[in-house]
Amino acid sequence: MRALTGIQPSGDLHIGNYFGSIKQMIESQKSGEVFAFIANYHAMTSVNDGERLAKLTMQAATDFLALGIDPKKSIFWVQSDVKEVLELYWILSSFTPMGLLERAHSYKDKVAKGIASNHSLFSYPVLMAADILLFSPDIVPVGKDQIQHVEIARDIALRFNNAYGDILKLPEFKIEEHVATVPGIDGQKMSKSYGNTINIFGEEKAQLKTVKKIVTENVALEEPKEFENCNVYNLAKLFLDENETRELQERYKRGGEGHGHFKLYLAEVMWRYFADFREKRAYYEANQEEVREILYAGAQKAKAVAAPLMERIRSLSGIAY
Ligand code: ADP
Ligand code: TRP
């Protein structure tokens, strides 16, 4: 089973990203082949500062290695190091009706938000189709917002196959149904765009400060408290095993402790949970050359997979003459 996933290098990772997608990606390395790349061409649709994009790319690589992407088990690279993807992107463009892209929610949402509509924003799904189809994955694990992009990739692949034969493998998307939406400190979905995140790799003091801002009910210290809808509880349980979760529920029911106590507890368990990851991150941060070597080796492996398919495509389409 081959799973392929693209990661936009868009800044600090938060615990919503971790429990919503990264953890599953890391775990899937145990059972199958993982192809994961940093989508730096895609990030150009929102980052126009070159120095910043280069920095964000290395930051994403460092973070994902720290969180458990294992280059011995997985193929991990930067999108722009496998240029074949741009060639396929152009070829696929000839099989992409304008209407298909005009219907893309993600594009329409971005334009509705006032983001300037340029060609890369519009053709984003074609590049994503090339990312996917170049490596013939069985599945593409995605969040809900990306389902339509995988469907567009399937549609483009079908049109291509109609012209040249059964060449491109149609991808299936996979949604992690059991993954709950992680709440932010204000109780809405945790998201960078809402400014309500708790970062995975924040400083301890800053993290505690953020945790203290979590919105909670106002209940007197001695009173029993509701845990079901409490943001602190709902965040804490992500880090706890069954026994610890039950113990925390008891503390809520018993009364005698305030939300301040539970917040301190949350900050503590969170800090402990990411301790090993932090250590690994510090290692890679201090050894950026090693990170570059890993990415380079990953790109060579990815190219080796892409090259034979690309050769067939060039030959069938008459580009190889
Ligand atoms: P953000 O909303 O902060 O911009 P992204 O859209 O970059 O986050 O999300 C990257 C991945 O993390 C997606 O696969 C998404 O499903 C997951 N994710 C983000 N926020 C959450 C959340 N609050 N709960 C669960 N999963 C999340
Ligand atoms: N568009 C995806 C996102 O914003 C990132 C991405 C780019 C991707 N290419 C991909 C995801 C290919 C899966 C497969 O999250």
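Analyst: The shell around ligand 1 is made up of three nonpolar, eight polar and two charged residues. In this sorting Ala, Val, Leu, Ile, Met, Phe, Trp, Tyr, Cys and Pro are nonpolar, Asp, Glu, Lys and Arg are charged, and the others, Gly among them, are polar. The model is predicted, so local features need pLDDT of at least 70 and side-chain atom pairs pLDDT 80 or more, while totals for chains, interfaces and linings use all residues. Residues are numbered from 1 along each chain as its sequence is written, chains are lettered from A and ligands numbered from 1 in the order written, and side-chain values use heavy atoms, without hydrogens and water.

Of the 13 residues around ligand 1, those that come nearest are His14, Val182, Met190, Ser191 and Lys192; a residue is near if one of its heavy atoms lies within 4 Å of the molecule. Polar contacts here are pairs of N or O atoms within 3.5 Å. Two of them use the protein backbone: a nitrogen atom of ligand 1 is 2.9 Å from a backbone N or O atom of Met190, and a nitrogen atom of ligand 1 is 3.2 Å from one of Gly16. The side chain of Asn17 places an N or O atom 3.1 Å from an oxygen atom of ligand 1. Alone, ligand 1 exposes 540 Å², and the protein buries 73% of that (Shrake-Rupley method, 1.4 Å probe).

Val182 also takes part in the domain boundary. Domain 1 covers 2-182 + 288-317 and domain 2 covers 202-273, with bounds from an automatic or database domain assignment. Their centres, taken over C-alpha atoms, are 37 Å apart. Five residues of domain 1 contact five residues of domain 2, contact being heavy atoms within 4.5 Å. Between them about 410 Å² is buried, 86% of it from carbon and sulfur atoms; this is the accessible area (1.4 Å probe) lost on putting the two parts together, summed over both. Val182, Ile15 and Phe19 supply 84% of what domain 1 buries against domain 2, more than any other three residues.

The shell around ligand 2 holds seven nonpolar, four polar and one charged residue, among them Leu4, Phe37, His42 and Met128. Polar side-chain atoms reach ligand 2 from Tyr124, 2.6 Å from a nitrogen atom, from Asp131, 2.7 Å from a nitrogen atom, and from Gln8, 3.2 Å from an oxygen atom.

Notes
Polar contact = N/O pair within 3.5 Å; in protein donor to acceptor, adjacent residues only side chain to side chain.
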